[in-house]
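Take a walk through this model with the structure open beside you.

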Amino acid sequence: MRAQPSAARSSHRTPSSILGARGPVVALLAVLLAVLPVLAVGPRPAGALAQTATAAPAQNRSATIALADPTPRVLRQGSSLVLRGTVRNTGTTTIARPVVHLGIVDGPLDTRDQVDRWARSSEGFDEPTRVGTGTVTELAPGAQAPFTITVPADRLRYRYYIASLPATLTVTEGTTLSAAATRGVARTYLEWTAATIPQPVRTGWIVPLTLPADPDLFGPTGDTRTAAWNRAIGPGSAVARTLDALQGQPVTWLVDPTMLEPPGAVDPAVPAPESTPSTTATTTPSSTSTTSSSTPTPTPSATASSSTGSSSRPSSTPSATPGAGTPTGTAPSESAPTSSSTTSSSSTQSPQPSTPATVESLAADLRIRLQQVRAGQPVWFLPYGDPDLTALASAGGAEAVREHLDRPLSADLRQIGTTMPMWAASEVTPSSLAGLSRTWQQTTGSLPVTFLSTRELTGDQHRPTTSAGRRLVNGAPVLVYDEPLSFFAGAGGGDPGLRTQRFLAETLAIYQQQPQAQRSLLMLAPRTGQASPAQLARVITAARSVPWLRPITSTALVQQARTAQPSARLARRTTPFPATPPASPVDPAALTLVGRNREIAGALDTILVDSADVIAGWDRSLSEMGSTRWRGRGAAYGTTLRTTSDALDSLTTQVAVRPSTVNFFANSGMLSITVVNNLARPVRDVQLVVTPRKGLLWVKRQPAPLSLPAGGRTTVRVPVQAVAAGTAPVDAALSTPGGEPLGLVRGEPVKLKVNVRPTATWIYWVLGIVAGLIFVVGLFRSVRKGPRAETAMPLPDDVPEPIEGDDD
């Protein structure tokens, strides 16, 4: 039998460590220790697991194994072992007599490198000794069945102080272990302790809650947008499942505030204010007084769902929305399983048809739930939208980063939590990290607590763990998280049982690095959508049940970081784990378009009356275009950016000049132009500039700034002077006070067609025509009557009549 090593020595003794000693006595002991493992567990049966069995040909691998938690979780001297799991036939033929064999290698895994090497291959390790078997019913293709392996205590006669033992689970066709009979192999780990752990590693857990890369979340008002928010944060969502799965667990939530205060929808039309009547006044062409509406007001449902979701605005209470994920009144805890189960059941109910969920009610329910659990599960916040800091800095410099950091938490959210750490989504260099920290401090007034992986500080995934709370040489506090362990703990994929045993083996190796030192370890789960709630819950529960790990609060970790000596430095660039993060679609071209959209939104703000809620909603929607969630989702990013741009462009066309043809028959006078406002909000200070394209018309004075009611119109009278006759195209250009064009048609101002006929010209034509007509009529009448007959002229009475015959 092997001698029990003392706690002050190494965690266990191996032949290799003893061979390093000097003297014939040590050499003799080495030989004895090489033989004693056989004596410790008894002679190997004829069916001992051969190395060839674990290297079965790939074509024979037609079964997979899912592992449940072993009983007990940690083996001790004198304890038996019950191992349960499930076998699935993934092949195309039936496995008539499946048998599962458990083999254990009597060679503990001292380091994380050894743990990792066993996970990848069994080459270089001793042959596992079969200690138990379990039979399974016949498995048709695609079928699965449970198995149970019971190992008595006398088959587990190990004498280690603490150890992580490599183990194999092999599925064979029949009881014979051979390469031909093997249908599947899984490598796992079994943990062993024989004494009290004096200095367990203090382990903290931070779990992000973020939004998915769904364009419908930021689309126009309507059922599609509401359904997207319901999928993202409503009952049954990944966020709700994570909250349910980790009730009562010692975790800190890292929340994207956008989930609790959704941005307003960027619709092609501005929503009517809540206090506006259902009908909106208009103006007649000849008057500025209001009469009736020319534009329908949005329906109440559309108006309600287009709210910006600002924390200062009233929102639905969770009691008005049954089943919207509201937890019970008490914070979940291990001592209150009834409350926990009630909360889980309540949070998975569907909204009742009589009170349909809205974006605002879903956010309010989640906000209240986090408010209730914060006593046992602290809530930290990311900057709004979880900005992709490294991509923003690369594409737009410090100014792009600053735009995403200059929005402080609202008063409502500060009641839940105030800590806001910095978490870059990709690799940082010393210079890039310094730049981000400097910009953060200039924008917020303080240095952030920064998440960095152990690899980024040490250059090695498996360097000895010291403290999760560190300080960089520039004084910036950092929380150092273990990258591989965080991945194994939270990422989906693979069998959860096997991943949990891998996690425990890794942490046991960490403990064995410095068993007497006080150390801390931080687990930072992947962002929502990359993490498995069930996997997280399983690993955290397992971590709380083993003696070499103990929970530590996030507050204690931050305190460690702020009080540590400033000595940590970033290592040279290394390979990320498990792979390089996907590329971000946030590039200079995208930021240019987002900046242009911000200019449009700012310009509309100068003309819209009482529109602070609308402008804030647009600004927050545009900020979402710098989010980390879009990494690897370039198509979704492009759809969202295009939808937002089209909506804002459409808004600028809602205040426009009505095209028309105008007859202007005067030397000077007023040119009438009709301007319409199709928005559901009044506008003010709209600039109208009238510009003739030909010199036939001269504008004496441009009109004063216009004000139009919601859905209304007005007629603007512009003083002009006719110069010459003809058809004059006239540009009627609308703009904001800052010069942003409004009402463009295919990128051009509206063109009016003005028929110009000055009085000095046409009056003479008219008089000449009238005179000509008179002359023609008189001539016609004269010709028609012919020459006038002669008439004898009467003689005057005093004229003497002639005397006939008088020749004189």
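In which helix is the place of Thr-507? Thr-507 sits in helix α14, residues 496-513. Helices here are DSSP runs of H or I with at least four residues, strands are E runs of at least two, and both are numbered from the N terminus. The model is predicted, so local features need pLDDT of at least 70 and side-chain atom pairs count only at pLDDT 80 or more, while totals for chains, interfaces and linings use all residues. Residues are numbered from 1 along each chain as its sequence is written, and side-chain values use heavy atoms, with hydrogens and water left out.

Is Thr-507 buried or exposed? Thr-507 is buried, because its relative accessible area is 1%. Buried means under 20% relative accessible area, exposed means over 50%, and partly exposed lies in between (1.4 Å probe, protein chains only). Setting aside residues up to four places away in sequence, Thr-507 touches Leu-485, Leu-521, Trp-548 and Leu-549. Contact means heavy atoms within 4.5 Å.

Trp-548 leads on to the core. The largest nonpolar core has 131 residues. Trp-253, Leu-370, Phe-503, Trp-548 and Trp-618 have the most contacts inside it. Such a core is a set of buried Ala, Val, Leu, Ile, Met, Phe, Trp, Tyr and Cys residues joined through side-chain atoms within 4.5 Å. In soluble globular proteins, nonpolar side chains tend to be buried together. Another core lies apart from the largest one. This other core has 30 residues, including Ile-65, Leu-75, Phe-147 and Tyr-160. Back at Trp-253, the contacts beyond four places in sequence include Val-207, Leu-246, Leu-370, Pro-378 and Trp-380.

Trp-618 belongs to a helix pair as well. Trp-618 in α18 is among the residues that meet α17. The axes of α17 (588-605) and α18 (612-623) come within 10 Å and cross at roughly 175°. The two helices are therefore roughly antiparallel. Axes are lines fitted to C-alpha atoms, for helices over the stretch in contact, and angles run from 0 to 180 degrees between N-to-C directions. Under 35 degrees counts as roughly parallel, over 145 as roughly antiparallel, 65 to 115 as roughly perpendicular and the rest as oblique. From α17, the contact includes Val-594, Arg-598 and Leu-604. The residues of this contact divide into six nonpolar, two polar and three charged. Ala, Val, Leu, Ile, Met, Phe, Trp, Tyr, Cys and Pro count as nonpolar, Asp, Glu, Lys and Arg as charged, and the others, Gly among them, as polar.

Strands β3 (81-89) and β6 pair over eight bridges. Two strands pair if DSSP finds at least two bridges between them. Leu-81 stands opposite Val-151 in β6.

Leu-81 also touches Thr-71, as do Ser-80, Val-82 and Arg-84. Thr-71 lies in the loop between β1 (63-67) and β2 (74-75). Thr-71 counts as partly exposed because its relative accessibility is 42%.

A second open sheet has four strands, ordered β12-β14-β13-β17, with mixed pairing. Its edge strands are β12 (450-453) and β17 (566-568). Three bridges join the antiparallel strands β13 and β14. Arg-470 stands opposite Val-478 in β14.
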